Amino acid sequence: MTYIVGLTGGIGSGKSTIAELFAQHNVPIIDADIVARQVVAKGSPLLNQIAKHFGSQILTENGELNRSALRKLVFQSESEKNWLNNLLHPAIRVEMQRQLTEHQAPYVLWVVPLLIENRLTKECDRVLVVDVSPDIQLERATKRDNSQHEIIKNIMAAQVDRATRLSYADDIIENNLPLAENLASLTKQVNELHQRYLTLAQTK
Ligand code: ATP
């Protein structure tokens with residue numbers, strides 16, 4: 001069994017930024033957000049099923065998923081939302097499992113925003129948390145998504161709080177400083193963690 005390092009953190013904490021540093025060591029990255037998009041890629045059986053259920057209004061002109069159209073439809077109906085979740089969640093799980101086990105590398109990095117909320121820590125050998133203060137999280141996520149503070153605040157409120165998240169951590173990377181000042185330190189921390197994970201993976 002591949003050794004699995006779960007990487008989590010709140011919205012805008014810097015998971016993708018940290019994952020990129022691990023990728024430089026050729027660590028395979030399995031990103032839950034990317035898998036969630038892959039399973040409904042253009043022409044996929046799942047997208048066809050969704051289009052059959054909701055009609056072609058949920059497709060863009062070139063046959064891709066029109067996310068905002070789908071969001072509007074399921075927002076209006078709890079039962080449609082459940083139908084969609086019951087279709088998507090098992091498929092995402094299966095695909096994630098497939099990707100987690102397809103690699104020959106000593107360990108894989110599993111990037112999951114809701115790792116704790118969805119009780120997936122038990123499927124990890126090690127949990128790495130990217131930690132930032134809520135103020136910085138709000139500022140970075142708002143800027144990146146070109147979003148409103150209220151929307152980001154609501155997402156943050158739906159995620160576990162900082163102390164709870166940290167209580168699940170085997171390792172923590174703190175990402176409060178601006179990148180220009182922080183990159184060297186982040187790179188060093190990732191290099192050290194990479195060595196530690198290689199050792200741990202060997203002794204699993
Ligand atoms: P999400 O779960 O919301 O997708 P994430 O945890 O993957 O977010 P990133 O996308 O890596 O977070 O970072 C959020 C934003 O903050 C990005 O625009 C990123 O470039 C920026 N960012 C990350 N780390 C820093 C930092 N130390 N200083 C300044 N900006 C940063």
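Colleague: Why does K52 count as exposed?

Modeller: K52 has 76% relative accessibility. The label exposed requires over 50% relative accessible area, buried means under 20%, and partly exposed lies in between (1.4 Å probe, protein chains only). K52 is therefore exposed. This is a predicted model, in which local features need pLDDT of at least 70 and side-chain atom pairs count only at pLDDT 80 or more, while totals for chains, interfaces and linings use all residues. Residues are numbered from 1 along each chain as its sequence is written, and side-chain values use heavy atoms, with hydrogens and water left out.

Colleague: Where does K52 lie?

Modeller: K52 belongs to helix α3. Helices are DSSP runs of H or I with at least four residues, strands are runs of E with at least two, and both are numbered from the N terminus.

Colleague: What makes α3 roughly antiparallel to α5?

Modeller: Helix α3 (residues 45-54) and helix α5 (residues 78-101) pack at an angle of about 170°, and their axes are 11 Å apart. The axes are lines fitted to C-alpha atoms over the stretch in contact, and the angle runs from 0 to 180 degrees between N-to-C directions. Angles over 145 degrees count as roughly antiparallel, under 35 as roughly parallel, 65 to 115 as roughly perpendicular and the rest as oblique. The pair is therefore roughly antiparallel.

Colleague: Which residues of α3 and α5 meet?

Modeller: On the α3 side they are L46, Q49, I50, H53 and F54, and on the α5 side E80, W83, L84, L87, L88 and A91. Contact here means heavy atoms within 4.5 Å. By class, eight of these residues are nonpolar, two polar and one charged. The nonpolar class holds Ala, Val, Leu, Ile, Met, Phe, Trp, Tyr, Cys and Pro, the charged class Asp, Glu, Lys and Arg, and the polar class the others, Gly among them.

Colleague: Why does Y197 count as buried?

Modeller: Y197 has 0% relative accessibility and therefore counts as buried. Y197 lies in helix α9 (residues 179-202). Leaving aside neighbours within four places, Y197 is in contact with V5, F22, Y107, R126, L128 and D171.

Colleague: Which residues does the UniProt annotation "binding site" cover?

Modeller: The unreviewed UniProt entry gives G12, S13, G14, K15, S16 and T17. Such annotations may be inferred rather than shown by experiment. From this set, S13 is in the lining of the largest cavity. A cavity is a set of points, on a 1 Å grid over the protein atoms alone, where a 1.4 Å probe fits but cannot get out, and lining residues have an atom within 4 Å of a point.

Colleague: How do you know that G12 counts as buried?

Modeller: G12 has 17% relative accessibility, so the label buried applies. G12 is in the loop between β1 (3-8) and α1 (15-23) and, beyond four places in sequence, touches Q137, R140, A141 and R144. G14 occupies the loop between β1 and α1, and its 11% relative accessibility makes it buried. With the same exclusion of residues up to four places away, G14 touches V130 and N175.

Colleague: What is the phi of R119?

Modeller: R119 is not a glycine, yet its phi is positive, about 55°. Most residues other than glycine have a negative phi. R119 sits in the loop between β3 (107-111) and β4, and at 62% relative accessibility it counts as exposed. N146, also not a glycine, has a positive phi of about 50°. N146 is in the loop between α6 and α7 (149-158), and its 73% relative accessibility makes it exposed.

Notes. On a 1 Å grid over the protein atoms alone, a cavity is a set of points where a 1.4 Å probe fits but cannot get out, and a pocket is an open set with protein on both sides within 12 Å along at least five of seven lines; lining residues have an atom within 4 Å of a point.
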